[in-house]
Every structure is written in structure tokens, then in C-alpha cells.
Amino acid sequence: MQFHHHGYVSGDPRIQPAAGVGLDRPEELPDEVDVLIVGTGPAGITLAAQLSQFPDVTTRVIERRPGRLEVGQADGIQARSVETFQAFGFAQRITEEAYRITEMAFWKPNPEQPGDIIRTAVAPDDPSGVSEFPHLIVNQARVQDYFLEFMKNSPTRSRPDYGWEFVGLDIDHDGGEHPVSVTLRRTAGEDEGAERVIRAKFVVGGDGARSKVREAIGRKPVGDQAFHAWGVMDVLADTDFPDIRRKCAIQSHDGGSILHIPREGNHLFRMYVDLGEVPHDDSGKVRLTSQEEVERRANQILHPYTLTVRHVAWRSVYEVGHRVTDRFDDVPAEEVGTRTPRVFIMGDACHTHSAKAGQGMNVSIQDGFNLGWKLGHVLESRAPLSLLDTYSAERQVVAQNLIDFDKEWSSLMAARPDEMADPAELERFYVQTAEFPAGFMTEYTPSLIVGTADHQDLATGFPLGKRFKSAEVTRVCDGNPVHLGHHARADGRWRIYVFAGRDGLDPASETAALGRWLAESPDSPLAATPAGLDRDAWFDVKVIYQQPHLDVDITTVPEVFLPRTGPFQVTDYEKVYAADPRHDLFEARGVDRDGVIVVVRPDQYVAQVLPLTAREELSAFFARASSGA
């Protein structure tokens with residue numbers, strides 16, 4: 001964490017100085033906004049948090065509830081989400097209060113006594129070490145609390161406008177700067193029922209599976225209707241089941257299955273209890289299944305162990321459905337590239353699936369992170385309107401892949417063990433697909449903001465279009481071992497990582513020449529930074545040397561890697577690193593010893609890999625990203 005560069009901070013350093021719209025933020029919803037977000041679910045709150053870092057963008061997020069979420073339905077936090085939390089500054093704090101999943105137990109019928117279950121395997125949760133961050137279980141409401149805190153402490157001093165619901169919208173494509181008229185209705189307070197219209201440049205619907213925003217733009221979810229039901233309960237209970245504090249997949253002989261998940265706090269746990277196939281003419285009656293029936297089924301599956309529920313914190317009955325909309329914005333497919341999207345949908349509003357793979361909240365968070373910086377850049381004139389076309393193009397593919405994965409996982413969870421060709425099929429699927437539910441199989445294809453793989457061989461461990469996988473390095477200024485990616489915050493900046501060549505310490509090296517070009521050339525991407533802003537306001541440029549940190553003379557490092565920041569223009573020394581001799585980054589990530597440039601997007605995905613000499617290519621890449629040409 002960096003602070004004091006604006007002067008001495010005697011209080012909480014997480015509170016950023018107010019700026020822009022945060023200096024005189026009105027209490028009431030204004031008549032005109034840049035971005036109106038509907039819903040404070042995982043997607044909406046992540047989007048709002050990202051936009052809170054853009055001081056000149058007027059963002060308001062409405063929520064029909066009268067106040068904060070108290071009990072959330074989602075609870076599984078995959079490692080990719082925890083990486084994202086690191087960018088928003090609360091990964092460590094939420095990890096401390098969460099339950100950490102390190103392994104999963106598999107229970108099946110005892111071959112000698114099929115009416116009883118026995119443990120048949122225990123699999124590691126992350127066998128290949130895909131992330132330095134863990135898989136967590138924590139209430140969705142707490143995740144949203146942390147994002148709300150981030151917003152409140154941001155330059156814009158953002159917070160939700162509770163007690164407003166979305167009614168409808170109209171788009172006037174010739175309607176000037178704020179072409180979207182949105183009708184809202186009060187759901188709480190003395191003026192409950194009152195309606196008003198506000199105008200927005202962009203509207204984003206994160207309003208759930210029954211999204212009114214989705215309906216307003218004519219998008220419809222397409223996919224399989226659900227015909228298998230599950231009872232889910234968060235409970236405190238007495239039980240002699242030995243793995244009650246371990247994540248479990250439990251398959252009985254004839255009573256169905258349970259997905260068991262310990263919750264944070266050491267006592268609470270969640271069970272997804274199989275209620276079986278649902279008749280096509282059920283008309284939703286299965287959702288009336290009583291808590292007593294869910295508990296009876298749970299005990300039948302757990303036999304010979306017993307479960308006596310003492311307290312129910314939350315419960316529900318749902319049917320597994322797999323649906324996704326064909327696009328995530330208001331532009332018809334035939335008009336993409338010729339019409340600017342004005343309305344977007346995220347999260348459950350555009351993709352729904354089962355809860356058992358722990359994907360709903362996680363994929364929704366990435367929807368919000370993906371769209372947030374793009375809207376911010378467009379509204380601050382850093383990027384062309386065409387950048388907004390990449391949101392639907394990138395995230396719809398991710399959603400469809402999720403649907404395909406979840407269909408297979410849900411089918412395996414619901415299957416009887418004797419229906420499987422291989423008794424270990426469920427365990428094998430869990431281990432072999434671990435990277436997908438962890439959130440690391442997303443791979444964006446070449447576009448305005450993802451280059452081609454012409455030089456991928458120079459950094460094989462940083463695949464284009466995939467998230468930047470952090471690694472341990474040594475900070476040169478103080479010898480501290482740190483993770484390279486953990487310094488990257490959700491501040492809307494592009495990252496340019498310069499991995500120095502073997503001769504990188506030589507003033508005549510290509511590393512030094514690149515440093516001078518970045519600082520001085522009118523063709524450098526840094527030249528786009530407006531006058532009056534810090535040199536690193538739009539681009540965060542770092543260097544990683546191959547030599548031990550004590551061999552790096554920081555006084556000879558090119559100035560671009562030691563920028564001056566803040567009103568006092570003090571030097572930032574935390575952008576110069578050396579390979580950690582215990583964990584050589586160059587070896588671990590397949591980085592060419594002659595040196596490499598790795599460009600990373602504001603949402604942490606690798607955008608370009610280039611040799612140190614490819615200055616024209618680097619300039620051309622950012623010229624496209626900023627102009628769309």
C-alpha cells in the first residue's frame with residue numbers, strides 16, 4: 001500500500017483523497033448521470049467499485065432493497081476472485097474471516113453395505129498451484145460490504161442509492177449526450193411508489209435472473225429448462241458425520257446426492273440436498289418442499305450418520321437451469337460496429353446455471369471488472385466508443401463455456417454411482433477441470449485490446465488473453481520479497497512490465513534504450529498522459545532485472561521506472577524489481593533471457609507480449625486501443 005505522497009496521512013490510509021464528483025456528491029439522485037447501474041449484486045457492485053476510481057465519471061447504482069444485503073445466497077469464492085479482491089485492497093482481510101478449502105472428500109455407497117456411505121477419496125483443491133490465493137467460502141453479503149467500503153473510500157465517495165427500482169427505459173440514439181431515459185420507482189421511504197425519470201449515457205443491468213433491464217432491451221435467455229431440484233440450507237446442526245468441516249461430494253445408493261460446504265466461522269455449513277427429478281408439469285410446486293423434507297432426505301443420504309438441525313440461517317429450493325443470452329448489450333448482431341451500445345447486462349441477468357460449481361458470484365465479478373474500466377476509459381476519452389463492443393464479445397463466450405461446464409458437473413453430481421462407467425468419474429472430473437472453476441481458463445481472443453501471439457514464445461508463462469499470473473520477486477529499493485502482481489490495483493491503469501535482458505544493467509542495453517524511449521518519445525504510449533497529471537497516471541511501468549537485487553544500482557535505473565508522483569513530486573521506488581533467487585521468475589514463467597515487454601490490461605489480462613526492440617509495435621498497439629483505428 002502506498003500513501004503519504006499527497007502529504008502525511010494520520011488516519012486510515014485506505015481512504016483516498018476526494019476528487020472530481022466526490023467533492024460535491026449530491027445526496028439525491030441527479031437528473032443526469034454518466035452511468036446508471038441497476039442492482040448491487042456481485043456484478044453491479046464490482047462495476048460500481050471500479051468506476052469509483054474515475055473521479056470525473058458520475059456513476060450511481062440503485063438497489064430496490066432499503067439497505068445493504070444481510071444474507072447472500074452465494075458463498076464460494078474462487079481463487080481468481082480473490083486475485084481481484086487483491087486489486088481492490090481487501091484480499092487479506094476477507095481471507096482471514098473466510099473458510100479456506102484445501103481439499104475435497106468424496107463419499108460413495110459402501111460396496112459391502114450399499115445403504116451406508118463411506119469415504120472413497122480426498123482430492124487436493126488446487127493440485128497444480130494455479131494461484132497463490134486460496135479457494136474461500138464466505139457470505140456474499142460480506143463480499144459486498146468490502147466493495148461498498150472501497151467505494152466509500154474512493155475519490156468519488158460512491159455509495160448505493162437504496163430504495164429505487166428500475167421500471168423501464170427508452171433509448172433515443174439522436175438524444176444528445178444522455179440518450180437513455182430511465183424510469184425509476186421508490187420502494188421505501190415516505191415517498192414510496194413515486195416515480196421519476198433520469199437520463200444516462202449508459203445503463204447497466206445487474207438485476208438478477210428476472211432482469212427488467214434485460215427485458216427492456218429485448219434480450220432473452222436461451223437454454224435448457226430445469227427438471228432437477230435441490231434443497232439448499234445454511235444450518236447449525238449436531239452430527240456424527242466425520243467430514244462436516246471438509247468440502248464433500250456425497251453420493252448415496254438410492255437417496256440422491258449432497259454437495260456439502262463448510263462455512264466461515266467454524267460452525268455453520270451449507271448442504272445442497274438432492275430432491276430428484278421434477279415432473280414437466282410440476283409448475284414450480286417443488287419449490288414448496290418443506291425444511292423437514294430436506295432434512296429427511298439429507299439423513300437418508302448420510303446414513304449411517306445422522307444430522308439434527310438446530311438452527312436454519314437461510315434456505316431455499318431451486319431447479320438447475322442453464323441459460324445464456326446471445327449478447328450482453330442492446331446492439332443487434334447485424335449492427336455491431338456501427339452502433340454504440342448504451343445498455344449492458346451482467347451476472348445472472350445474462351447467464352444462469354447451478355450453484356454447485358461455485359461460479360455465479362465469481363463470473364459476475366469478472367463481468368463487472370471487465371466492463372468497469374472500459375466505461376471509465378471511454379467516458380474519460382482515453383479510448384474510443386468501439387472499446388465497449390468488446391464487453392459482450394469477450395464475456396458471452398466465457399458465459400457459454402461456463403454453461404457447458406456446469407451441465408457436465410451438475411449431471412455428474414446428480415447421477416447415481418452405479419450409473420457411472422467409472423466409479424471415480426466424479427473425482428477425476430473435479431481434479432482434471434480444477435482450473436476452470438477456479439477462474440483461470442478464460443482466454444480472450446485477439447481484438448482491439450488483445451494482441452496476436454507472434455511473440456508468445458518469449459514469455460510462455462504469460463499467455464495472451466489470459467490473466468497475468470503473479471510471481472515472487474525482490475523489490476530492489478528495500479530487499480523485500482513481494483508478489484509482482486499484488487502491486488497492481490483496480491485503478492484503471494494499463495501495466496507495462498519490462499523484463500530486462502541479461503545486460504539490462506548496462507546503460508547501453510536495449511532495456512535502458514527502451515526506458516529512454518518510453519520517457520521521451522512522442523510515439524511512446526506514455527505521451528498520451530495529459531499534462532498536469534503524474535507521469536504514471538495512465539500507465540504503470542515496471543522493470544524486473546535478472547540480477548540479484550544488491551547488484552542493481554538504483555541510481556542508474558532509467559527514470560521512467562522511478563516516476564515522481566503527487567503534489568510534492570516524490571520518487572516512487574516500488575517499480576524496480578529483481579528476480580528472486582529462490583523463485584526465479586524468468587525460469588518460472590518462461591521469460592526469454594534477452595528481455596521481454598508484457599502489457600497487461602487494467603482488469604489483469606495479458607494484452608501483448610513483445611521483444612524489447614518492438615517499440616513500433618508497442619506504439620501501434622496502444623494507438624489502436626486509444627483510437628480504435
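**Backbone features of the predicted model**

Ser381 counts as exposed, at 63% relative accessibility; here exposed means over 50% relative accessible area, buried under 20% and partly exposed in between, computed with a 1.4 Å probe on protein chains only. The structure is a predicted model, in which local features need pLDDT of at least 70, side-chain atom pairs count only at pLDDT 80 or more, and totals for chains, interfaces and linings use all residues. Residues are numbered from 1 along each chain as its sequence is written, and side-chain values use heavy atoms, with hydrogens and water left out.

Ser381 is a handy place to begin a tour of the backbone. Although not a glycine, Ser381 has a positive phi of about 60 degrees. Its setting is the loop that runs between helix H7 (360-379) and helix H8 (389-414). Helices (H or I, at least four residues) and strands (E, at least two) are DSSP runs, numbered from the N terminus.

Arg157 is another non-glycine residue with a positive phi, in this case about 50 degrees. The loop between helix H4 (140-152) and strand E8 (161-162) holds Arg157, and a relative accessible area of 26% makes this residue partly exposed.

A cis peptide bond is found between His303 and Pro304, with omega about 20 degrees. Pro304 belongs to the loop between helix H6 (291-302) and strand E17 (307-319).

Turning to the record, an unreviewed UniProt entry annotates residues 442-624 as "domain: Phenol hydroxylase-like C-terminal dimerisation". UniProt positions are given in the numbering used here, feature names are shortened, and annotations may be inferred rather than shown by experiment. In the model, residues 442-624 are 14% helix and 21% strand, and their end C-alpha atoms lie 23 Å apart.
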